[in-house]
Amino acid sequence: MAGNKPEENSLIKGTWVTIGSFDGVHLGHQELIRSLIEGSKEENCTSIVITFFPNPIVHLGKIEDPFYLTLPSEKENFLSGLGIDSILTIRFNHSVSRLSPQDFISILHRQLKFTCLLIGYDFRLGADREGGFSTLEKLGREMGFCVRAIDPLEQGSQPISSSSIRAEIINGNMETANKMLGYTYSITGQVIHGDGRGKHIGLPTANISVWDGKLLPMNGVYAAFTKLDDRRYPAVVSIGVRPTFYAVPSERTIEAHILNFSDQIYNKNLTIEFVARLREEIKYESVSALMEQVRKDINDTEEILKDDPEQTNLPS
């Protein structure tokens, strides 16, 4: 079992732990983490989140398309911001995937000496997902730890889940996704040189390159905030293949027109927070028709963002 594995001579005693992928650290995850922190503090114990990379779904399903709501570093920042004492990221591979629930838990318990395990309502562990609540409870009686399952947090009548959030983002429903996340979905990447076309037509854009595992919203135009050097700026963001300029679909690009901004920011890291989808990507018959639509996009963006809808209890 790889990852940030505690050394045998520095074993932690008296800990509360939770195990899961925690992709997105959405409101349901946050509820579980708060329960973990509160319970561990009451018992004067250390709180530990045990998570995985790659995500077991990605590894087992051999998923190559963009999938992740959070990069490993983003996930750790979010969890730390909620007040977790320690985060253990296990490298998920074939060997780990074939461990039985008993073997997996035995290894962890020997290293961490946890006294309580908190899990989500639908959590399953081990080869062939054999380790549900009843199995873990039985192991807890044998090894000397309690097991507690946290009820799902629902939006409408459906439990909040990473998979449902991915579906909303893929369909461009950013308001719905953001409500389930509890913060504004974002991507971060380096500003790179594009084809320079935006600057020539009076619409300078920042092109960003993001990790290819990060899930992008569907193609279209979005009202967004950008973060650069700890400052936030409103922006119109386009994701797509620029059909007005390319008869044959080009490589998918992410371009941000930052409002009232003209600084050179090549090679800097830029974060884009997606607030709302304005429209689909359209092929225009002329550059002037595109520019007319862009002016409308800017007005719509200013109207949407004027009250700064960002609401988050996670670190920036």
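This is a predicted model: local features need pLDDT of at least 70, side-chain atom pairs count only at pLDDT 80 or more; totals for chains, interfaces and linings use all residues.

User: What makes the reach of helix α10 close to the expected one?

Analyst: Helix α10 covers residues 287-305, which is 19 residues, and reaches 26 Å from its first C-alpha to its last. Residues are numbered from 1 along each chain as its sequence is written, and side-chain values use heavy atoms, with hydrogens and water left out.

User: What counts as a helix or a strand, and how many are there in the protein?

Analyst: Both are DSSP runs numbered from the N terminus: helices are H or I with at least four residues, strands are E with at least two. The protein has 10 helices and 13 strands.

User: Why is T253 called buried?

Analyst: Buried means under 20% relative accessible area, exposed over 50%, and partly exposed in between (1.4 Å probe, protein chains only). T253, in strand β12, has 14% relative accessibility, so it counts as buried. Contact means heavy atoms within 4.5 Å; beyond its neighbours within four places in sequence, T253 is in contact with S238, I239, G240 and R242.

User: And why is G144 called exposed?

Analyst: G144 has 51% relative accessibility, so it counts as exposed. G144 sits in the loop between α6 (133-143) and β5 (146-150). Setting aside neighbours within four places in sequence, G144 is in contact with F114 and T115.

User: Why do the buried residues of α10 line one face of the helix?

Analyst: Those residues are L290, M291, Q293, V294, D297, I298, T301 and L305. Seen down the axis of α10 they fall within an arc of 160 degrees, so they line one face; the arc is that of the directions from the helix axis to the C-beta atoms. The face turned away from this buried side carries the exposed residues S288 and E292. Among the elements covering the buried residues of α10 are β10 (220-228) and β11 (231-240).

User: What puts the buried residues of α3 on the same side?

Analyst: The buried residues of α3 are E74, K75, F78, L79 and L82. They cover an arc of only 130 degrees around the axis, which puts them on the same side of α3. They pack against α1 (27-42), β2 (46-53), β3 (86-91) and β8.

User: Why is the aromatic pair of F78 and Y183 called edge-to-face?

Analyst: Rings of Phe, Tyr and Trp (its six-membered ring) pair if their centres lie within 6.5 Å; planes under 30 degrees apart count as stacked, over 60 as edge-to-face and the rest as tilted. F78 and Y183 are 4.8 Å apart centre to centre, with 65 degrees between the planes, so the pair is edge-to-face. F78 lies in α3 (residues 72-82) and Y183 in the loop between α8 (174-181) and β8 (186-192), so the pair ties together parts 105 residues apart in sequence. Both residues are buried. The structure holds 10 aromatic pairs.

User: How do you know that R232 lies over the face of F225?

Analyst: A charge sits over a ring if NZ of Lys or CZ of Arg is within 6 Å of the ring centre and within 35 degrees of the ring normal. R232 lies over the face of F225, at 3.9 Å from the ring centre.

Technical notes: The expected span of a helix is 1.5 Å times one less than its number of residues.
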